[in-house]
Amino acid sequence: MKLIVDHLRYEYNKGTQLSVAALDDVNLVLKAGEFIGLIGHTGSGKSTLVQHLNALLTPDSGTVYFDGEDIFEKGYDKKSLRGKVGLVFQYPEHQLFEENVFKEVCFGPHNLGLDRRTVELRAYEALKQVGMEDEYFYQSPFDLSGGQKRRVAIASVLAMKPEILILDEPTAGLDPKGRTELLDRIKTLQKEAGITVLLVSHSMEDVAEYVDRIIVMDHGKVQYDDTPREVFSHYQELEQMGLSAPQVTYILSDLNEKGLVLDQTATTINEAKDTILKCFGMR
Amino acid sequence: MRMIDVSKLVFEYIRRDEDGNVEGITRAVDEVNLHCKGGEFIAILGHNGSGKSTLAKHLNAILHPTEGTVLVDGKDTMDENEIWNIRQSAGMVFQNPDNQIIGQVVEEDVGFGPENMGVPTKEIWERVEESLKAVGMYDYRKYSPNKLSGGQKQRVSIASVIAMHPKCIILDEPTAMLDPMGRKEVIRAVRALNDVEKITMILITHYMEEVVYADRVYVMDKGKIVMSGTPKEVFSRVEELKSMRLDVPQATLLAYELKKAGLPLLDGILTRKELVNELVRLKGQK
């Protein structure tokens, strides 16, 4: 799997006085097996970008290549693309509709035209991947808790066997434990099933903890594309863009100012702990 | 006098199957006692389904107790004649900003509440102006709410509540759907209104960082209040909070981890500043 975003440009209200460039010359390469975070404040173009990756929106100029093929070329099979590029929208539980959990997850693969056995096998696998126990399979999805509903919604995308999974704020509205559980599951999927994951998030702490690479968008442009350490070291610039760094980054930068620690690039609690213990000569 | 006086509150609802037969009874709020004085800033924490929103809905008489009593500004929420007075003294702000704005223009939305209360036109405009100024949204008074960010919309929702001159505002996860900037804006507005206008604030949230400034924190689990105290007291019990599916501010967690590794830090560190000062002090001793 390889996804190349090439000079992508998209304007809303094109040709009117209200025209806004939601994407302005965006270039990216997403490789197989990566865990990538996409951050940016509301209106920075994250969702617009994501909707180009499975051809829900058509760019004004530029294009996207999936495994070397231009997905906006005439005759390109967009339906199969949408199976390979799985998009989980915000609050995906609002899209649940079937009478039981199992049927819900069968819906996607069924639409791909697979035979019943394969469909059910995939649904079973997908539900296991998100950690849903058998006892819930024949319950109405509407009787589940918020976190469970969301896992079912994610399973219904996984059942399409996507090569890349794009999640738009998957943890919004979940409590801390629910957030950790869900993100741990996603990390496992990326590691064990080798699925590329693109995580759109507002939580800098989550992004710092889980991803290997961060893409920062602002005003329709990619401002940073680097490791969490590198990106969060620009916390002042991030603040200008309406974002922030994880709290520990600020703590370390304060300590650095007071002359206590030298290395201020930690972005997670564990990294910060190591840095501080080192400066007390305890590591 | 007490602003909010909840004693032995129990709320049960009946679960029914598709044919309307009773399946069972769920106790969403279980013997809760909660008291707060005028001008206090109270925070309620709890995971999804812990009963905190159900409790909140009792505070302005959207729900009525199965057992126990809820007094708001001395008025019983079971007394039907007082419902409108209660809702005027205790305003509510909900999670989704898009569900609570009704006006076409920001100032119209804020004026809607006082207008319904029969406030004279001239005073309505005065109230709109002061409320929008209080949340820092006066410059946007002629805007359409559609053109605002999530944080701005939530601040308009708060202004609409303030325009009714409540003594108390209940905020039910007001920042859950906002980005970090929007979250900061809303919390700043809430703190300012509490500090300056002395409006009692009851903040329900998942974000631990938002409650470090509260006077008192209540933690709910399975419909009961399981912990209460100052933020310092509550957040020093890291392990217990974790076992209740909650987590603690990053500064507190880092302090906890450092302490476990052998650094003699003080208990109850809540903010970045406290941790930094404490580490600098320790380093000085070495």
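## A look at chain A and a helix pair in chain B

Chain A holds eleven helices and ten strands, where helices (H or I, at least four residues) and strands (E, at least two) are DSSP runs numbered from the N terminus. Its radius of gyration, taken over C-alpha atoms, is 20 Å, close to the 19 Å that the globule rule gives for 283 residues, so chain A is as compact as a globular protein of that length. That rule is 2.2 Å times the number of residues to the power 0.38. This is a predicted model: local features need pLDDT of at least 70, side-chain atom pairs count only at pLDDT 80 or more, and totals for chains, interfaces and linings use all residues. Residues are numbered from 1 along each chain as its sequence is written, while chains are lettered from A and ligands numbered from 1 in the order in which they are written.

**Chain A overall**

- Along the principal axes, the C-alpha atoms of chain A fill a box of roughly 65 × 50 × 35 Å.
- Of its 283 residues, 45% count as buried (20 or more other C-beta atoms within 10 Å of the residue's own, with C-beta atoms placed from the backbone).

**Helices H3 and H4 of chain B**

- H3(B), residues 106-116, packs against H4(B), residues 121-134, at an angle of about 125°, with the axes 9 Å apart.
- The contact (C-beta atoms within 7 Å) includes B:Val110 and B:Pro114 of H3(B) and B:Ile124 and B:Leu132 of H4(B).

Conventions. Axes are lines fitted to C-alpha atoms, for helices over the stretch in contact, and angles run from 0 to 180 degrees between N-to-C directions. Two residues are in contact if their C-beta atoms, placed from the backbone, lie within 7 Å. A residue is buried if 20 or more other C-beta atoms lie within 10 Å of its own, exposed if 12 or fewer, and partly exposed in between; C-beta atoms are placed from the backbone.
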